[in-house]
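Have a look at the structure first, then go through the points with it open.

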Amino acid sequence: LLESRLDNVVYRLGIAPTRAAARQLVLHRHIMVNGRIVNIPSFLVKPGDVIEVKERSKKLAVIQDGLKEVGKSGTAAWITLDEDAVKGTFVQFPRREEITDLVDVKEQLVVELYSK
């Protein structure tokens, strides 16, 4: 569920170098979902949704730097990226194994935090 948040998807696409930068890009209305501007970082992306950067925002240094880095490391398996168009597609919800391969997650701590 957390992997489908818009700010996280923007980060995973490599459009932003950090999750905080991705959140700021969303809040400042630089990101569109299915052709419509979305400025809510917690917006839940569904499979098949297309996430792209507004045309005027494609030249921002933070976005260009992020795309250079993603070219070296690649993106997550559940999203696809078209670097030339600065556009990505959320293909499917990730499986648990795919997430834990990317970061060291202590699931029990997350469950305890959100169960209060």
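1. Start with R23: its relative accessible area is 40%, so this arginine counts as partly exposed. Keep in mind as you go that this is a predicted model.

2. What does R23 pair with? Its side chain makes a salt bridge with the one of D7, at 4.0 Å from N to O.

3. D7 has another partner. It also forms a salt bridge with R5, and here the closest N and O atoms are 3.0 Å apart. Through shared partners, R5, D7 and R23 end up in one salt-bridge network. The total count is two salt bridges.

4. Is D7 buried or exposed? The aspartate comes out at 9% relative accessibility, so it is buried; the cut-off for that is under 20%. R5, with a relative accessible area of 23%, is partly exposed.

5. L2, V110, L113 and Y114 make a nonpolar surface patch of about 420 Å². If you want to find it on screen, L2 lies in the segment before α1. L2 has a relative accessible area of 48%, so it is classed as partly exposed; exposed would need over 50%.

How values were computed. Residues are numbered from 1 along each chain as its sequence is written. This is a predicted model: local features need pLDDT of at least 70, side-chain atom pairs count only at pLDDT 80 or more; totals for chains, interfaces and linings use all residues. Side-chain values use heavy atoms; hydrogens and water are left out. Buried means under 20% relative accessible area, exposed over 50%, partly exposed in between (1.4 Å probe, protein chains only). Patches are made of residues with over 30% relative accessible area and no salt bridge: like charges are joined within 9 Å, nonpolar side chains (Val, Leu, Ile, Met, Phe, Trp, Tyr) within 5 Å. Accessible areas come from the Shrake-Rupley method with a 1.4 Å probe; for residues, only the protein chains shown count as cover. Helices (H or I, at least four residues) and strands (E, at least two) are DSSP runs, numbered from the N terminus.
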